[in-house]
There are 2 protein chains.
Amino acid sequence: MNFKINRNKFYNSLQIVSRSVSPNSPIPALCGLLINAGKDKLVLTGSNSDISIQMTLSGTDDLTVIEEGKIVIDARYLLDIVKKIDSDEVSIEIIDGTLTRFSGAKAEFKINGYRPSDYPNIDFTAPETSFTLNSKDLNTIITNTAFATSNKETRPVLTGVNLLSNGISIIATATDSYRLAKKTFPINVEQFNVTVPAKSLNEIKNIFSGNDEDIKISVNTKKIQFSSENVIVQSKLLEGGYPETERLIPKEFIYDLVINRHSLINAIDRTSFIKTDNMSITRLQLNSIDDITLSSKSQEIGEFKEDLTAVSYEGNPLDISFSGNYVIDAARALDAENIRVRFNGDMKPFVLTNESEDQSILQLVLPVRTYN
Amino acid sequence: MNFKINRNKFYNSLQIVSRSVSPNSPIPALCGLLINAGKDKLVLTGSNSDISIQMTLSGTDDLTVIEEGKIVIDARYLLDIVKKIDSDEVSIEIIDGTLTRFSGAKAEFKINGYRPSDYPNIDFTAPETSFTLNSKDLNTIITNTAFATSNKETRPVLTGVNLLSNGISIIATATDSYRLAKKTFPINVEQFNVTVPAKSLNEIKNIFSGNDEDIKISVNTKKIQFSSENVIVQSKLLEGGYPETERLIPKEFIYDLVINRHSLINAIDRTSFIKTDNMSITRLQLNSIDDITLSSKSQEIGEFKEDLTAVSYEGNPLDISFSGNYVIDAARALDAENIRVRFNGDMKPFVLTNESEDQSILQLVLPVRTYN
């Protein structure tokens, strides 16, 4: 193997591919990136047990392949060398077995690599069921839902976002069983029902967030794959049936509040340091449109109170308490200037949506019981 | 106590004073800041066992004192409240015992404070021996030396920077016994010899780095105090005699290298990931001005080699190894384009200085023994 390439373009690609590398993988070769120099192209592969990334560079990246071949190099060293080497072009050549030379202008590294035969064979063929999303839409779907997944491994399937296609829409749902986030995106595609680890989706968001480009998404019962022109990212799926969440979402409501989204977020945020048992509980007292109070209290620290101004309120007086952080997360995932919060009682789940016509996002939060 | 003040000015002051607060202090009141509203002025005090800060605000900070008084409020809550409250002016009033009300526009906090009588009495009177330094010169002295202090508590005095006045200059010295940094600053002041914790000096650098102002420095055998117009910062001193370091610094040299500072730093930095036993050892082979090589080697990772271009080299061939990070730190503390590195042999300490006429900074590094 022997090739030359533009240092910056190589470094940017290595940064992306290395996102999938676990530095302490039990399989030593997986601490590395597989570099495969083929005819006029360079394929970089990184992988851990959850996510795998493959990136292809070509002549447009100032690549010149002098001799084809492959090698695995520890991702940390590879990034450090390419970042700091003293020239705009870097030459990489296997000189003896797995010993690989990186040359800049005057600087020269000789690094012990791993045998490419020690690198697992990763299947990057695309599953048949596929559809295309713009990267911005993909990012929105992830941003609106992934935060609501569980971070506890007690029910592994809740650590992922469920993606359900019903033929006309994709419905993304996440819940940690105390709150739920749901985003519907209209698209024609075969039916499927998979749950993708939130961790993978957050990496995917980072990888594709820079560009406004079409992302092909392919899915089967084993994996989901996201690919753009020169990057393929694929993730494992979470096993186990995703809970039926649709029946948890109330369709009718007794109380209906419309309020400025930022003023609600800021008011709850002001009270967030008032914690009891490390939980920040916010109490909302809805009496009439002119008498709405947000408050929080802790024996130890003190108390907070703020009068809120609503756009509208319909319903009898209601006194309800909830996790302030959950409502902040939910309100942040919405994007209208004013949001609608609808309730069915002080111990029933409540629903946050945009006030605007865009009802594709829905956030549900469970209240908490307090003894005020 | 009852006063009103501009939120931003109050918040900026709280940020400075809270730098001295240890959130987990065994004395609960020391987790707080003492707020003392006097006639037309507000004095804020924070302290831990090492460093104490006092800041005075007045009418120019849009302060209006309605009723004099004092209270201690937990620094974390205080910062959070003042940062997030919903108006440009904040009103603070003791309403019952230690219960203190913070009011913005619609938001209102009631926080349990600590009794001011529980707050230790901190003496901010200035010691008699004093001199004045510009904040930029003070920062330079700290930046050039504090990094070379020890981070191990085995010899506590080495965790500080020694400040010695000989009547015509102040000599700042720091050493961890493997390297030494020395900065001389000409100034007429009585003789003194104190050692100040590096941690305190780094805080002082942060506090005074924003402005170009005169700092009065006062010192006795117990403490050192730095004061500007409205801030007083004082630190405890480290006990125990500081080692005689002057005799460790060679005055004559056998080998003399002049080299571009940045090219030396960058070359060593390139090799820094090549570590043996978690130490990055760099080898410098000086044969002649046209034959200078920097290299590094690790059985496990691989090796690095780079030919260096020197400005000049005088001396026989020399083959010397050292901690790459120590030489990078030393070269960064210098500020000339080219630096002079002078040696007396492969196992003798070597000295880095500016090539320019400014010889007020001196950096000394001990080589390491290797078995190449």
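## Sheet, helices and chain contact in a predicted model

Student: This is a predicted model, so let's start with the sheet in chain A. Which strands are the edge strands of the open sheet?

Tutor: Nine strands of chain A make up an open sheet, in the order 14-11-12-13-26-25-24-18-22, with antiparallel pairing. On average, neighbours in this sheet are turned by 20 degrees against each other, ignoring direction. An edge strand pairs on one side only, and that picks out strand 14 (192–197) and strand 22 (312–314) of chain A.

Student: Take strand 22 of chain A, then. Which residue of strand 22 is the bridge partner of Leu257(A)?

Tutor: Strand 22 of chain A is joined by three bridges to strand 18 (residues 255–260) of chain A, and the two run antiparallel. In strand 22 of chain A, the partner of Leu257(A) is Tyr313(A).

Student: Now the helices. At what angle do helix 3 and helix 4 of chain A pack?

Tutor: Two numbers describe a packed pair of helices: the angle between the axes and the distance between them. For helix 3 (residues 135–145) and helix 4 (residues 198–208) of chain A, the axes are 10 Å apart and the angle is about 150 degrees.

Student: And what residues make that contact, by class?

Tutor: Helix 3 of chain A brings Ser135(A), Leu138(A), Asn139(A), Ile142(A) and Thr143(A), while helix 4 of chain A brings Leu201(A), Asn202(A), Ile204(A), Lys205(A) and Phe208(A). Sorted by class, the contact of helix 3 with helix 4 of chain A has five nonpolar, four polar and one charged.

Student: Which strands does helix 4 of chain A lie across, and at what angle does helix 4 run to strand 14?

Tutor: Start with helix 3 of chain A, which lies across strands 11, 12, 13 and 26 of chain A and runs at about 160 degrees to strand 13. Helix 4 of chain A lies across strand 11 and strand 14 of chain A, and its angle to strand 14 is about 80 degrees.

Student: On to the two chains. How many charged residues are on the side of chain A that touches chain B?

Tutor: The contact takes 22 residues from chain A and 22 residues from chain B. Helix 2 (75–84), strand 9 (107–112), helix 5 (261–270) and strand 21 (302–308) of chain A each give at least two residues to chain A's side. By class, that side has eight nonpolar and two polar residues, and the charged ones number twelve.

Student: Which residue of chain B is the bridge partner of Glu303(A)?

Tutor: Strand 21 of chain A and strand 9 (residues 107–112) of chain B run antiparallel, joined by five bridges. In strand 9 of chain B, the partner of Glu303(A) is Lys110(B).

Student: Why do the buried residues of helix 5 of chain A line one face of the helix?

Tutor: The buried residues in helix 5 of chain A are Leu264(A), Ala267(A), Ile268(A) and Arg270(A). Looking down the axis of helix 5 of chain A, they line one face because they fall within an arc of 160 degrees.

Student: Last one, in chain B: is Met1(B) buried or exposed?

Tutor: Met1(B) sits in the segment before strand 1 (2–6) of chain B. Leaving out residues up to four places away in sequence, Met1(B) touches several residues, including Ala37(B), Glu67(B) and Ile94(B). The cut-off for burial is 20 or more other C-beta atoms within 10 Å. Met1(B) has 20 of them, so Met1(B) is buried.

Notes
Residues numbered from 1 in each chain as written. Chains lettered and ligands numbered in written order. Predicted model: local features only at pLDDT ≥ 70, side-chain atom pairs only at ≥ 80, totals over all residues. Axes fitted to C-alpha atoms, helices over the stretch in contact; angles between N-to-C directions. Helix = DSSP H or I, 4+ residues; strand = E, 2+ residues; numbered from the N terminus. Contact = placed C-beta atoms within 7 Å. Nonpolar A, V, L, I, M, F, W, Y, C, P; charged D, E, K, R; others polar. Pairing = 2+ DSSP bridges. Buried ≥ 20, exposed ≤ 12 C-beta atoms within 10 Å, placed from the backbone. Arc of directions from axis to C-beta.
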